[in-house]
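I opened the notebook to look up how two chains meet and which side chains pair. Entries follow in the order in which I looked.

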Amino acid sequence: MGTTEKIVITQPSEKLLNLIKRMQEKKLQTRRDLKDVEPMFVVNA
Amino acid sequence: MRISFDILTTSKDSYRVILSSGKDAFFATTDFVSLIDIDIDIVEIDLERLSGNKPTELKTLRLITTKIIKFIKQNKKTVLYYYCDDMSEIVGVTKEILWPQEYRNRLFSLLFERFCKNIPDLELKDVTIQINQVGRPLFMHLITRLEYVPILEKIRNFLLDNYGK
């Protein structure tokens with residue numbers, strides 16, 4: 001069973017936009033690090 | 001906490017799935033930590049393509065979802081958090097058709113709904129947060145078991161009261 005809800009922020013504050021920017025930078029760093037970090041396990045699809 | 005695994009497809013495409021929590025996570029900022037007054041992990045889901053350029057097959061998405069659901073079954077006191085990547089394109093989908101983050105958002109919601117139908121013993125809630133940044137929307141998802149829904153409600157209300165309208 002699952003329930004869903006959606007909220008929409010139409011006027012994001014500067015604080016929220018800064019947090020998002022930080023998160024995007026973290027994501028890019030994760031992407032850059034991918035080749036240097038071994039996975040814990042591998043699964044065949 | 002950090003768990004990472006790779007998925008290799010028969011067509012030789014590969015993906016990395018990372019589940020992580022820690023002080024650098026989005027909801028680990030002081031504001032949110034002081035808001036959540038019980039011991040619960042907020043775990044970020046990262047999904048990255050490592051190689052290949054074929055559209056992601058449904059069976060691969062199903063496998064990823066299965067692993068994530070298994071994680072939340074084994075780690076009850078968890079809120080899963082997924083930011084729909086807006087920085088990399090999706091094979092076969094152009095911005096003129098749909099923003100990549102919007103595509104990921106729709107796909108994630110669809111997978112959640114389909115998967116939940118097949119696991120009646122596990123009750124989950126998925127909250128989609130859409131942020132209308134200038135010129136393009138951004139999307140995040142928060143998922144937890146029903147007993148921790150009050151935490152999602154706290155986060156939702158806090159976001160609306162303090163981070164925008």
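Glu5(A) has Val127(B) as its bridge partner in β5(B). Strand β1 (residues 2–9) of chain A and β5(B) pair in the parallel sense over 8 bridges. For pairing, DSSP must find at least two bridges between the strands. Strands (E, at least two residues) and helices (H or I, at least four) are DSSP runs, numbered from the N terminus.

I note that this is a predicted model, in which local features need pLDDT of at least 70 and side-chain atom pairs count only at pLDDT 80 or more, while totals for chains, interfaces and linings use all residues. Residues are numbered from 1 along each chain as its sequence is written, chains are lettered from A and ligands numbered from 1 in the order in which they are written, and side-chain values use heavy atoms, without hydrogens and water.

Entry 2, the other neighbour of β5(B). I followed β5(B) to strand β6 (residues 136–145) of chain B, and the two pair in the antiparallel sense over 10 bridges. Ile131(B) stands opposite Leu138(B) in β6(B). β5(B) and β6(B) form a hairpin with 2 residues between them, and Gly135(B) in the turn has a positive phi of about 90°. Is β5(B) mostly covered or mostly open? I found 8 of its 10 residues buried. Buried means under 20% relative accessible area, exposed means over 50%, and partly exposed lies in between (1.4 Å probe, protein chains only).

Entry 4, salt bridges between the chains. How many salt bridges does the rule find across the interface of chain B and chain A? I noted 7. The rule asks for a side-chain nitrogen of Lys or Arg within 4 Å of a carboxyl oxygen of Asp or Glu. Glu48(B) and Arg31(A) meet in one of these, at 2.7 Å, N to O. Asp46(B) and Lys27(A) meet in another salt bridge, at 2.5 Å. That pair crosses from strand β3 (residues 41–51) of chain B to helix α1 (residues 14–33) of chain A. Both Asp46(B) and Lys27(A) are buried.

I looked up Asp6(B) and Arg16(B), whose side chains meet at 2.3 Å, N to O. Asp6(B) lies in strand β1 (residues 2–8) and Arg16(B) in strand β2 of chain B, so the pair ties together parts that are 10 residues apart in sequence. Asp86(B) and Arg136(B) also form a salt bridge, at 2.7 Å. Asp86(B) sits in the loop between β4 and α3 (100–117) of chain B and Arg136(B) in strand β6, 50 residues apart. Asp86(B) counts as buried because its relative accessible area is 11%, whereas Arg136(B), at 23%, counts as partly exposed.
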